[in-house]
2 protein chains.
Amino acid sequence: MTDIGKKKATIYDLSMLSGASPSTVSAVLNGSWRKRRIKEATAQLIQNLANEHGYTANLQARGLRSSRSGLVGLLLPVHDNRYFSSMAQSFEAQVRSRGQCPLVVSACRDPEEERKVVETLISYSIDELFIAGATDPDGVHKVCEKAGLKHVNIDLPGTLAPSIISDNHEGARMLTQAIIERAQEDGPLSPDDLYLFGGRNDHASHERIRGFRDVKRALLGADPDVCIQPTGYSPAMTARAFEAFYEGHGKLPRAFFVNSSINLEGLMRFLALHPHETFADIIVGCYDYDPFGSFLPFPVFMIRQDSETMITKGFAILDAGRGPPITHLVRPSLVPPRTALTGPLDALKDIE
Amino acid sequence: MTDIGKKKATIYDLSMLSGASPSTVSAVLNGSWRKRRIKEATAQLIQNLANEHGYTANLQARGLRSSRSGLVGLLLPVHDNRYFSSMAQSFEAQVRSRGQCPLVVSACRDPEEERKVVETLISYSIDELFIAGATDPDGVHKVCEKAGLKHVNIDLPGTLAPSIISDNHEGARMLTQAIIERAQEDGPLSPDDLYLFGGRNDHASHERIRGFRDVKRALLGADPDVCIQPTGYSPAMTARAFEAFYEGHGKLPRAFFVNSSINLEGLMRFLALHPHETFADIIVGCYDYDPFGSFLPFPVFMIRQDSETMITKGFAILDAGRGPPITHLVRPSLVPPRTALTGPLDALKDIE
DNA sequence: CTTTTTTGCACAATCGATGGTGCAATGACT
DNA sequence: AGTCATTGCACCATCGATTGTGCAAAAAAG
């Protein structure tokens with residue numbers, strides 16, 4: 001704190017001040033001084049000087065030299081969504097607790113952007129990368145491979161690297177069963193009373209649709225193709241699909257499965273344009289949990305994906321070294337309507 | 001793409017391959033080659049080689065040498081919240097469009113963590129820092145100052161650096177007025193029918209409380225102190241405040257102002273434990289917008305803070321160089337109940 | 001055919017930290 | 001006292017890029 005406003009102190013400055021050589025200073029400050037047989041007194045002296053001058057290592061220089069940066073990346077499709085933002089929150093916490101620095105970036109579900117972003121991260125010599133919800137995991141894999149960067153896929157699997165994903169099939173089954181049972185409380189449900197909206201041509205959507213159809217056939221005896229509306233992941237497209245249905249039928253389906261909370265935003269857009277009565281008695285299942293979504297004025301069953309466990313497993317796999325490109329499933333949980341779960345926010349201290 | 005699996009190509013590799021010197025290669029690849037009077041043909045040759053070998057600059061080395069890293073940081077309290085995650089989303093987009101690399105980190109509203117995180121960012125030689133919702137902006141300022149790092153405060157103001165914040169007073173006035181008017185539709189409203197929950201001892205909370213009280217006094221004639229319940233920012237504490245009120249009164253206030261969407265989560269926790277009837281006719285104002293929160297089964301007026309504009313202004317201030325520590329206000333907007341706004345997600349291309 | 005100017009590039013120092021190697025001083029031991 | 005092991009540290013090359021400087025060769029001027 002002595003030299004306010006000056007540039008940051010370096011090991012060379014401390015070397016001058018202490019009379020020791022730069023390498024000695026370096027060793028003291030990075031903890032390797034015992035191995036290097038530095039006298040305890042020397043180490044003390046240097047450490048005191050370092051504190052006094054507020055020394056902090058230049059991590060770019062360290063990274064350049066040691067080709068390890070201490071950075072761990074998380075590539076997200078988007079931030080602006082409870083599932084991914086809570087994943088980011090858990091990720092940060094875990095990375096920090098390992099003494100590394102988290103780096104969260106989004107790539108907007110654009111395969112090219114995904115590759116570009118990863119190239120950039122690689123240029124900063126990040127040590128490890130979590131690829132979450134990538135549109136093209138294998139494309140990203142190749143980029144990582146070339147640079148020798150350890151990585152895992154989260155949420156959407158690739159074929160070339162280990163993946164940790166939600167058990168989408170099982171989750172979809174639970175969710176479908178829950179909404180069917182609930183809808184049946186209001187009277188018998190016919191197959192075309194139950195729709196699925198959202199998702200597109202990715203693994204998660206396929207599995208969810210498969211789970212949905214399995215359960216629907218088992219419980220309702222059939223699943224006409226028209227009941228599956230994979231509208232992609234945009235709220236706008238999803239809203240349009242609801243609108244189209246409404247135009248055709250004068251109401252929404254009695255019950256439906258929404259592929260993600262982003263798609264559920266599409267439902268909000270639809271609702272904004274229509275009076276209460278239009279949806280007074282719908283039953284909704286949403287594959288994703290959102291604390292406010294759970295309290296909408298109709299029953300919303302949700303699936304909470306366990307991103308915390310996915311991150312934990314991801315680290316386990318990375319730590320274990322280059323494993324086979326196996327896909328690990330993490331079981332999600334069914335959240336009944338009107339449920340407020342605790343989340344990463346609760347770990348915060350809130351003084352006062 | 002020729003050398004798969006090898007280490008990354010460097011300017012030295014390309015120097016060998018092209019027969020030019022490393023400095024020439026460097027100049028060509030960083031665009032300064034015209035200034036350095038490199039022949040067009042040489043430049044072409046080197047650029048072709050670079051493409052062929054998938055060269056990308058080692059940004060740590062570049063950063064070390066030039067002491068500029070191309071990194072721009074955003075320090076958030078938390079990710080897991082629509083306001084901050086959408087801020088992160090806008091931030092990323094703007095940073096990218098300026099050819100820099102966004103770096104979003106959260107510090108959990110912990111002053112010490114805030115400083116530590118910023119120290120780390122500084123060690124990576126980030127070029128600029130946006131400090132959003134910091135508990136101790138001036139503490140962070142000092143750390144930045146010492147390192148000569150350009151920075152602005154967003155959302156919560158400091159006294160030492162330029163700040164860009166929501167016009168909390170005005171926002172709170174709009175919101176308070178809206179809920180009062182709406183509540184009065186159901187019959188006359190007495191001062192102790194209107195409460196405020198959430199927030200703590202920070203600038204934003206003060207301003208919001210001030211705005212609330214101003215309007216409340218003007219329209220209802222009084223504002224008993226008991227109607228202000230600054231419960232901090234945790235959902236759990238907020239839930240407890242609702243619970244306490246409920247125990248005392250057997251109902252919730254007819255109308256209330258909730259300080260943030262995080263506090264609104266506290267309301268959800270309360271609701272989860274009580275039957276529908278308990279809140280059949282409440283009117284809520286929430287200082288923050290959440291698309292699902294807007295469709296809860298009672299009227300929720302919300303304030304949407306314009307984080308996009310805040311970021312834009314932040315860059316303008318940083319670009320203008322070291323300005324005075326002025327606080328700039330950005331006007332938020334009132335969002336009526338049952339409104340689904342578009343957001344950064346809509347900028348995504350959704351193929352199909 | 002000189003002299004001057006311009007063109008095109010190579011050289012080398014530098015950013016801050018790391019880690020292998022070598023060497024003097026000290027202590028232990030015969 | 002002489003040999004050997006140990007201690008404690010300095011020296012120096014290195015990571016990959018940037019940049020000021022210098023100097024040939026080519027072109028222009030005289």
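Author: What follows is a close look at one helix, then the DNA surfaces and the chain pairing.

This is a predicted model, in which local features need pLDDT of at least 70, side-chain atom pairs count only at pLDDT 80 or more, and totals for chains, interfaces and linings use all residues. Residues are numbered from 1 along each chain as its sequence is written, while chains are lettered from A and ligands numbered from 1 in the order in which they are written.

The part is helix H3 of chain A, residues 40-52. Helices here are DSSP runs (H or I, at least four residues) and strands are runs of E (at least two), numbered from the N terminus. H3(A) has 13 residues and spans 18 Å from first C-alpha to last, close to the expected 18 Å. That expectation is 1.5 Å times one less than the number of residues.

Ala43(A), Ile46(A), Leu49(A) and Ala50(A) are the buried residues of H3(A). Buried means 20 or more other C-beta atoms within 10 Å of the residue's own; exposed means 12 or fewer; partly exposed is in between, with C-beta atoms placed from the backbone. Down the axis of H3(A), the buried residues fall within an arc of 130°, so they line one face of the helix. The arc is taken over the directions from the helix axis to the C-beta atoms. An α-helix has 3.6 residues a turn, so residues three or four places apart point the same way.

The buried residues of H3(A) pack against H1 (11-18) and H2 (22-30) of chain A. Contact means C-beta atoms, placed from the backbone, within 7 Å. On the other side of H3(A), the exposed residues are Glu40(A), Ala41(A), Gln44(A), Asn48(A) and Asn51(A). Gly54(A) follows H3(A), with a positive phi near 60°.

H2 of chain A leads on to the DNA. H2 and H4 (59-66) of chains A and B each supply at least two residues of the surface near DNA strand C. Near means a C-beta atom, placed from the backbone, within 6 Å. Of the 27 residues around DNA strand C, Ser23(A) is among those that come nearest. Ser23(A) is also among the nearest of the 27 around DNA strand D.

Now the pairing. In contact are 70 residues of chain B and 69 residues of chain A. Of the interface residues of chain B, 97% are also interface residues in chain A, so the copies meet through the same surface.

Definitions and conventions
Two residues are in contact if their C-beta atoms, placed from the backbone, lie within 7 Å.
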